[in-house]
Amino acid sequence: MAKKNFVLSGLMQSKVTWAVIAELLILMVCFMIRPDFFSISYQPSTGMLYGSLIDIINRSAEITIISMGMTLVIALGGTDLSVGALVAVAGAIALKFLRWDVLTYTTPGDYTVCPYILVLTIPLIVCALMGLFNGFLVAKGGIQPIIATLILMVCGRGVAQILTDGKQFTTGYSPFRIIGQGSFLYLPMPIIITIVVVIAVALFTRKTAFGAFVESVGVNPSASRLSGIKADKIILIVFLITGLLSGIAGLIYSSRIMSNDSNNAGLNFEMDAILAVVIGGTNMSGGKFSLAGTVVGSLIIRTIVTFVYYFGIVAEATMAFKALIIAVVIILQSEPVRKYFAKRSRVREAVLISGGER
Amino acid sequence: MSEKNILEMQKISISFPGVKALDKVNFSLREGEIHSLLGENGAGKSTLIKCLTGVNQKDEGKILLDGNEIQPSGPHEAMELGISTVFQEVNLCPNLSVAENIFVGRQPMKRGGIDWKEINSRAYELMSRFHLDIDVTRPLSYYSTAIQQMTSIARAVDVKAKILILDEPTSSLDENEVQLLFDVMRDLKAQGMGIIFITHFLDQIYAVSDRMTILRNGHLVGTFDINELTKFELVTKMVGKDMDVIFNLQRAKVFKDADYMLKAEHIGDISHINDISINLKKGELIGFAGLLGSGRTETAEMLFGATRAVKGDIFIDGQKTQIRNPFDAINADIAFCPEDRKRDGIIGDLSIRENIMLAVQSRKGFMKPMTKAEQTELADKYIKLLKIATPDCEKKAGELSGGNQQKVILARWMADNPKVLILDEPTRGIDIGAKAEIQRLMLEMCTEGVSVIFISSELDEIIRCSNRIVIMRDREKVAEIDGENCTQQDILKIIAEGAA
């Protein structure tokens with residue numbers, strides 16, 4: 001009994017626990033208002049499962065994927081503001097390669113001008129290189145990450161505009177549609193891609209020593225250097241990963257709308273990704289990170305948005321409502337609140353233990 | 001110099017968690033006096049200054065300024081009371097002009113705007129009082145560190161200070177700049193200002209001060225007139241003899257014909273060390289003695305690649321080796337426990353296990369990870385071997401006591417099987433028991449063939465452990481003596497007076 005309570009006290013102090021509790025609470029509210037909220041049905045026409053929960057996970061794909069990289073950046077003690085702009089860049093490049101010369105190929109249809117392999121790989125390569133550029137400024141230039149990534153945040157969308165001559169291309173190419181709207185194993189494709197990405201990042205950080213090195217550099221750069229860790233290399237890799245993941249998110253996003261949108265694609269994604277990481281329990285000052293927590297954080301953000309759509313809250317109030325719930329979640333996770341609950345459960349333990357001895 | 005005290009600090013005590021930083025310390029400063037404050041690191045000099053400037057609050061005691069009791073709540077209030085401080089690091093705005101820096105926050109105004117003419121002419125006047133004929137409208141960063149230092153003094157002086165505190169103002173100045181600073185100090189003294197001067201350079205103390213106060217481990221050793229103590233007596237009083245426990249330690253046995261494990265020939269870095277050579281045999285332990293700032297740490301950092309040696313050659317095991325960064329050093333089987341355990345050693349938020357495996361893992365690179373089981377096995381082995389007091393290896397390293405943290409760092413390097421181990425003040429700030437333990441481990445490693453460089457401010461521990469002792473003074477190696485037949489007196493004499 002006492003042992004169990006010690007575990008409880010440990011859980012009470014963990015930020016991830018509170019994130020999970022918050023998510024469950026929001027879902028409970030949804031369930032109370034709409035009892036069919038949890039129902040999942042199979043739609044033979046699309047070959048997909050359908051339901052609010054599926055929808056939440058599906059729509060959170062982009063943020064979840066980006067925030068995997070953001071978790072590592074934040075664990076290093078930095079932030080990457082350019083991720084949203086890179087989403088726009090990836091979409092613009094993909095659509096550019098699909099349509100190439102709009103004057104020749106005037107109507108969108110089920111075709112691609114350049115080989116499909118280029119449509120998929122070039123955006124990812126460019127985004128990875130842009131991430132590397134961020135990393136280079138931070139690691140070699142010693143520029144604060146928030147400033148270094150501000151450069152691409154501002155000029156990324158400009159690059160996207162230039163690539164597409166400021167136009168919005170649309171496409172009907174069906175293999176491209178699969179990325180954002182297709183399905184696999186009854187699940188929407190973005191969910192499958194997200195699962196693959198999360199597992200890949202988790203394996204890369206936890207099955208190698210990479211995660212430990214990131215945490216070490218995040219906690220104490222000087223001591224890490226004197227232990228032989230090449231901090232520069234770690235920083236470069238982390239920003240490269242984040243760039244690449246933003247590219248993947250960009251492809252999903254543009255496949256959903258079958259178009260590029262240099263102004264709105266990925267707008268405010270950097271804020272949502274940072275929020276997801278923070279709600280997930282990774283400290284902004286760097287150090288220990290939790291990928292699982294980040295996934296929960298991303299789901300919370302999407303659940304709130306879905307909640308707002310479902311319950312007819314006026315569109316203008318969406319942002320305010322989202323901010324309100326996030327504020328509550330973050331306060332619940334704050335040090336004093338967690339300490340308070342941990343202390344209470346410890347007191348109960350003490351009572352139980354002393355009671356047992358008597 | 002008059003006999004009138006402008007400042008009196010009576011029976012000042014300050015405690016931090018676990019340490020008594022100052023214990024009933026008395027200090028007085030006369031009008032028109034340069035008073036040196038001396039002591040090794042951790043003696044309580046900066047705590048005393050911080051108490052005077054209101055950064056730290058005293059637990060007991062009284063501060064009297066011109067006979068009135070004061071209780072400054074922070075540096076700003078202290079400044080208004082007439083106590084100005086110039087810190088070691090210049091804390092001005094490099095992108096503002098010299099004049100702006102002097103007057104920032106209290107610009108003279110005229111017709112609703114800043115009176116630039118007044119600022120610049122007054123700044124010029126102030127600087128020329130220091131015999132500096134410079135363009136005060138140029139940005140501060142345009143000028144040398146010495147002039148930047150003067151600017152902060154000018155700023156301090158212009159706020160009508162009665163007391164000026166100079167905390168290691170000379171550490172980044174060259175010989176001429178130091179003389180310039182001294183002239184300014186003498187000028188201010190002639191005007192009746194009381195100056196508290198903190199430095200590690202003994203010659204400078206004798207060149208400029210009237211009296212000195214020595215602290216050791218938070219206690220007052222005494223206040224003396226400058227002629228009252230010879231340099232030798234001064235050093236003896238500073239270092240003291242606080243090790244009463246006698247350890248039963250055996251010095252490492254080095255075979256005469258043993259090969260040289262590490263040979264550094266005429267190495268030097270950009271700023272601190274000019275030219276130093278060190279030879280170290282297999283299984284030998286050499287001690288680095290010298291006061292703080294004598295270049296001990298800088299030499300060690302250079303050997304480990306923490307700062308880059310720009311000249312000279314380093315040979316490891318007979319092979320010429322390029323050491324550009326710590327990673328190169330680790331690959332050359334060199335290990336380094338840094339002086340500042342908190343800043344450069346322990347990674348507080350990570351577990352003991354992760355702290356111990358770090359050096360081994362970084363040599364392998366992150367793509368060849370140790371499994372968690374391997375890490376735990378490694379950590380448990382060293383927790384047992386070094387008697388690290390912890391329930392298990394998953395405890396955060398930052399939550400351990402100082403001595404145990406030091407053992408974790410030692411374990412990190414022992415796990416990496418180094419050939420050369422450099423320990424910079426490994427026993428500072430830890431209790432006697434842990435000290436003895438660490439010395440024992442060090443000597444045990446020597447018998448296993450590891451060569452050790454041991455840096456310490458405590459001479460008796462250097463003498464007890466070393467085969468040879470390298471003595472550093474003012475960033476130079478001044479002597480190298482046999483460790484077995486020397487006394488503390490011999491070393492103190494060389495530290496105080498240079499090689500005979």
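The contact between the chains takes 24 residues from chain B and 21 residues from chain A, two residues being in contact if their C-beta atoms, placed from the backbone, lie within 7 Å. On the side of chain B that touches chain A, helix H10 (326-331), helix H11 (341-345) and H12 each supply at least two residues. The largest share of that side, 6 residues, comes from H12(B). Helices here are DSSP runs (H or I, at least four residues), numbered from the N terminus.

This is a predicted model, in which local features need pLDDT of at least 70 and side-chain atom pairs count only at pLDDT 80 or more, while totals for chains, interfaces and linings use all residues. Residues are numbered from 1 along each chain as its sequence is written, and chains are lettered from A and ligands numbered from 1 in the order in which they are written. The pLDDT is the predictor's confidence in each residue, from 0 to 100. For chain A its mean is 85, and 91% of the residues reach 70 or more. Over residues 353-358 of chain A the pLDDT is below 50, and this stretch has 2 contacts in the model beyond near neighbours in sequence.

H12(B) returns in a helix pair. The axes of H12 (residues 352-364) and H14 (residues 402-414) of chain B come within 6 Å and cross at roughly 40°; axes are lines fitted to C-alpha atoms over the stretch in contact, and angles run from 0 to 180 degrees between N-to-C directions. The two helices are therefore oblique to each other, angles under 35 degrees counting as roughly parallel, over 145 as roughly antiparallel, 65 to 115 as roughly perpendicular and the rest as oblique. Residues making this contact include B:Ile356 and B:Ala359 of H12(B) and B:Val408 and B:Trp413 of H14(B).

In chain A, helix H4 (residues 61-75) and helix H9 (residues 189-206) pack at about 15°, with their axes 9 Å apart, and are therefore roughly parallel to each other. Among the residues that meet are A:Ile65 and A:Met68 in H4(A) and A:Val197 and A:Val201 in H9(A).

The largest nonpolar core has 145 residues. Such a core is a set of buried Ala, Val, Leu, Ile, Met, Phe, Trp, Tyr and Cys residues joined through C-beta atoms within 7 Å, where buried means that 20 or more other C-beta atoms lie within 10 Å of a residue's own. B:Ile453 is one of the residues with the most contacts inside this core. Leaving aside neighbours within four places in sequence, B:Ile453 is in contact with residues including B:Leu280, B:Phe288 and B:Ile422. Apart from this core lies another, of 93 residues, among them A:Leu72 and A:Ile235.

Terms used:
Buried ≥ 20, exposed ≤ 12 C-beta atoms within 10 Å, placed from the backbone.
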